[in-house]
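Please walk through this structure with me.

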Amino acid sequence: MSLKKLFKILAIQLGVAILLVFAYLAYDADVIYEWLSGDVKFGTPAQECDLHAGACTATMGDGTPVTFAMSPRPIPVMQKLQLHLATEGRYDTLKVEIYGLNMNMGRYNYTLTRTSDGNYSGEGMIPACSGRMDWRANIIAEEPTRRIGTYFTFSTE
């Protein structure tokens, strides 16, 4: 094989590799952002609270208490959920990240928007799984210089 053909093949392979790297970065940009922006400083989670019965209170990483609720109750799977967060804190961006604890069901990210009463709300959904599934809902405030949060755990059948 001539040297010219070898360089042509190597250039094509390098171009494909670069394209694949850029495609991955575009597809998984939120994971890369989390890696670059650092870990979330989690506060104290809710202690023995049942989100199926009502709202639960926990503490964000900056010490601010937050009360989180999902409706309808009991929490259904594969149905639209209303996500509500009450707090006296003011955050630029609030996200709810829901993922399975006992099985990888993916990560589901929902943005909460500030309401006129100063609280936050949004919509989400829990995927279906056969049998009991344990979930964790991370509440994450993303600010320019830090990421803080808390979390709530719950189960579905």
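E143 has 15% relative accessibility, so it counts as buried. Buried means under 20% relative accessible area, exposed means over 50%, and partly exposed lies in between (1.4 Å probe, protein chains only). E143 sits in the loop between strand 8 (133–142) and strand 9 (147–156). Its side chain makes a polar contact with the side chain of R146, at 2.7 Å. A polar contact is a pair of N or O atoms within 3.5 Å; within protein, one must be able to donate a hydrogen and the other to accept it, and residues adjacent in sequence count only if both atoms are side-chain atoms. Leaving aside neighbours within four places in sequence, E143 is in contact with R90, Y91 and D92. Contact means heavy atoms within 4.5 Å.

This is a predicted model: local features need pLDDT of at least 70, side-chain atom pairs count only at pLDDT 80 or more, and totals for chains, interfaces and linings use all residues. Residues are numbered from 1 along each chain as its sequence is written, and side-chain values use heavy atoms, with hydrogens and water left out.

Now the strands. Helices (H or I, at least four residues) and strands (E, at least two) are DSSP runs, numbered from the N terminus. Two strands pair if DSSP finds at least two bridges between them. Strands of a sheet pair through backbone hydrogen bonds, either parallel or antiparallel.

A hairpin of four residues joins strand 8 to strand 9. Eight of the ten residues in strand 9 are buried.

| Strands | Sense | Bridges | Example pair |
|---|---|---|---|
| 8 and 9 | antiparallel | ten | N138 and Y151 |
| 1 (41–42) and 9 | parallel | two | K41 and I148 |
| 2 and 3 (65–71) | antiparallel | four | C56 and F68 |

How do the nine strands line up in the sheet? They form an open sheet in the order 1-9-8-5-6-7-4-3-2, with mixed pairing. Strand 1 and strand 2 (56–59) stand at the edges with a single partner strand each, so one side of each has no neighbour in the sheet.

Finally, the helix. I9 lies in helix 1 (residues 3–27). At 37% relative accessibility, I9 counts as partly exposed.
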